[in-house]
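Dear colleague,

I am handing over to you the structure shown below. My findings follow it, and I would ask you to read them with the structure open.

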Amino acid sequence: MSDIRAFEQPGEAGFGDYVQLLKPRVMSLVVFTALVGLLVAPVTVHPVIAFSSILFVALGAGASGALNMWWDADIDAVMRRTKGRPVPAGKVEAGEALAVGLALSGLSVVMLGLAANWLAAGLLAFTIFFYAVVYSMWLKRSTPQNIVIGGAAGAFPPMVGWACATGSVSIESLLMFALIFMWTPPHFWALALFMKDDYSKAGVPMLTVTHGRKATRNHILAYTLLLAPVAVAAGFTSIGGPIYLTAAVLLNAWFIIGAWRIWRRDEAAAEADSYAVEKSVFRFSLYYLFLHFGAFLAEAALRPYGLGGW
Amino acid sequence: MAAFPPEHELHKRRLGRNVGVGVTLGLFIVLVFALTVVKVTRGDPMQAFDHKVRPEMATEEGQ
C-alpha cells in the first residue's frame, strides 16, 4: 500500500512557516505607519477600500521580506538573531521563498492599483524593489551606509498610505517619509553596538565593523541631531498640531540626550554595564517612532471635534 | 483487516497548511467581492479601453 509516509520530510513547512517568511513583526510596523498615512490624509476613504489598501501594502511588505529571506539565507544562517528563520532553519526551501516573494509582490501591487490607485501601487512596487534589490542584493553587503539608504524602504509605507487616500505626494507625506528615514540609522546603529558579534560574524559591513565603534557613536549623535528638525517641522504642516508638536519636542529632546550619552561613552564604560545606555536608547527609539505616529493620529482623530490640528 | 496506521504529525501539518491556504483564498474572494460592491455602488467607472472607440467614455475638453 502506498503511503504518504514514503515522502516524509522532517523539515516540511507548515502554514505558520510561510507566514514567518513574510516577517510579521516588520509587517506590523508597516501596517501601523501606512494606516496613519492613510488616516491623517485630508480625504475620507471608504472603510472597505482603506482596509484592502492597508492589507495589500502589508502583503507587499511581506513579499519583500520573503525575497530578502531568499537572498540572505546564507548570512541569516550565521547570525544568532536570524538563524531560526524558515529558510536557514530548513523548513522552507530558498526557491519557495523566492516564488512566494515574487507572486505576492505582483499580487499586492496589482490589487493595490485596483483597490486604491496606480500612484500608490507604483510607490509600493518601488518600495519592494528598493528593499529586495537596492538594499538586500546591493547595499547590505557592500557598504556600511547600507542602513542609511536601505532605511528608505521602511520609510515609504506612510507615503503609500497617504497616496492611497489622496492619489498624490505632498509635503506632509514627504515629511513622514523623512521622519522614518532619518530615524532608521540611529535606531539600527544603537542595536549594532550591542549585537556586535552577529554582524561581524556574517561579514555584513556594519559601521561598527568597518569604521569602528567610536565612529558609530559619532554617527548616532549626528543623525539624531538631523532627525530632530525633520520631526518638529512636520508639526507645522496640516497633519501637525499642538499635541504633535509637544510630543515631538519632548521626544526629540530625550532622543538627543540619549544619543549624547552614547556619544560620550567609550567601549570600556559600555562593556562595564553591558551596554545599558545603548540598549535603553534602542528601546526608546521604538517608542519614539510609535509615539510620533500616534500623535499624528491623535491630531486627526480630534480634528472633527475642533481640538486637533492648527 | 489491517488497522489504519496512526496519524503522523506530518499529516497534521499538511492539513494545517491546506486549511490555511483554503481559508486565505476564501477571505481573498470575500475581499474582492466587497471591493467590487463598494466600487459599483459608488459609481466608479465601469468601462475601460478595449481596443474599440467608446464615445460614451470620452470626456469633454475642460472637464
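Predicted model: local features only at pLDDT ≥ 70, side-chain atom pairs only at ≥ 80, totals over all residues.

Chain B itself has 1 helix and 0 strands, and buried residues account for 0% of its 63 residues.

Helix H5 of chain A

Helix H5 (residues 94-115) of chain A consists of 22 residues. From its first C-alpha to its last it reaches 31 Å, close to the 32 Å expected at 1.5 Å a residue. Its buried residues include A:Ala97, A:Val100, A:Gly101, A:Leu104, A:Met111 and A:Leu112. What covers the buried residues of H5(A)? The cover includes helix H1 (15-21), H3 and helix H6 (118-139) of chain A, and also helix H1 (9-42) of chain B.

The nonpolar core

The largest nonpolar core has 95 residues. Those that touch the most other members are A:Val57, A:Ala66, A:Leu112, A:Ala120, A:Leu124, A:Val160 and A:Leu179. Helix H8 (residues 171-194) of chain A provides the largest share of this core, with 15 residues. Leaving aside residues up to four places away in sequence, A:Leu112 touches A:Ser53, A:Phe56, A:Val57, A:Ala120, A:Ala121 and A:Leu124.

Two helix pairs

Helix H7 (residues 146-166) of chain A takes part in both pairs described here. Its axis and that of H8(A) come within 7 Å and cross at roughly 145°, and the crossing is right-handed. Among the residues that meet are A:Gly151, A:Ala155 and A:Trp162 in H7(A), and A:Phe177, A:Phe181 and A:Phe188 in H8(A). This contact comprises 15 nonpolar, 4 polar and 1 charged residues.

The axes of helix H2 (residues 24-39) of chain A and H7(A) come within 7 Å and cross at roughly 40°; this crossing, too, is right-handed. Its contact residues include A:Val30, A:Ala34 and A:Leu38 of H2(A), together with A:Pro157, A:Val160 and A:Ala165 of H7(A). By class, the contact of H2(A) with H7(A) has 12 nonpolar residues, 3 polar and no charged.

Loop residues

Most residues other than glycine have a negative phi. A:Lys23, which is not a glycine, has a positive phi of about 50°.

Is A:Ser274 buried or exposed? A:Ser274 counts as exposed because it has 9 C-beta neighbours inside 10 Å, and the limit for an exposed residue is 12 or fewer.

A:Gly212 occupies the loop between helix H10 (207-210) and helix H11 (213-233) of chain A. With 12 C-beta neighbours inside 10 Å, A:Gly212 is likewise exposed. Its C-alpha atom is separated by 35 Å from that of A:Gly101, 111 residues apart along the chain.

With kind regards

Conventions: Residues numbered from 1 in each chain as written. Chains lettered and ligands numbered in written order. Helix = DSSP H or I, 4+ residues; strand = E, 2+ residues; numbered from the N terminus. Buried ≥ 20, exposed ≤ 12 C-beta atoms within 10 Å, placed from the backbone. Expected span 1.5 Å × (residues − 1). Contact = placed C-beta atoms within 7 Å. Core = buried A, V, L, I, M, F, W, Y, C linked by C-beta atoms within 7 Å. Axes fitted to C-alpha atoms, helices over the stretch in contact; angles between N-to-C directions. Left-handed = near helix turned anticlockwise from the far one by under 90°. Nonpolar A, V, L, I, M, F, W, Y, C, P; charged D, E, K, R; others polar.
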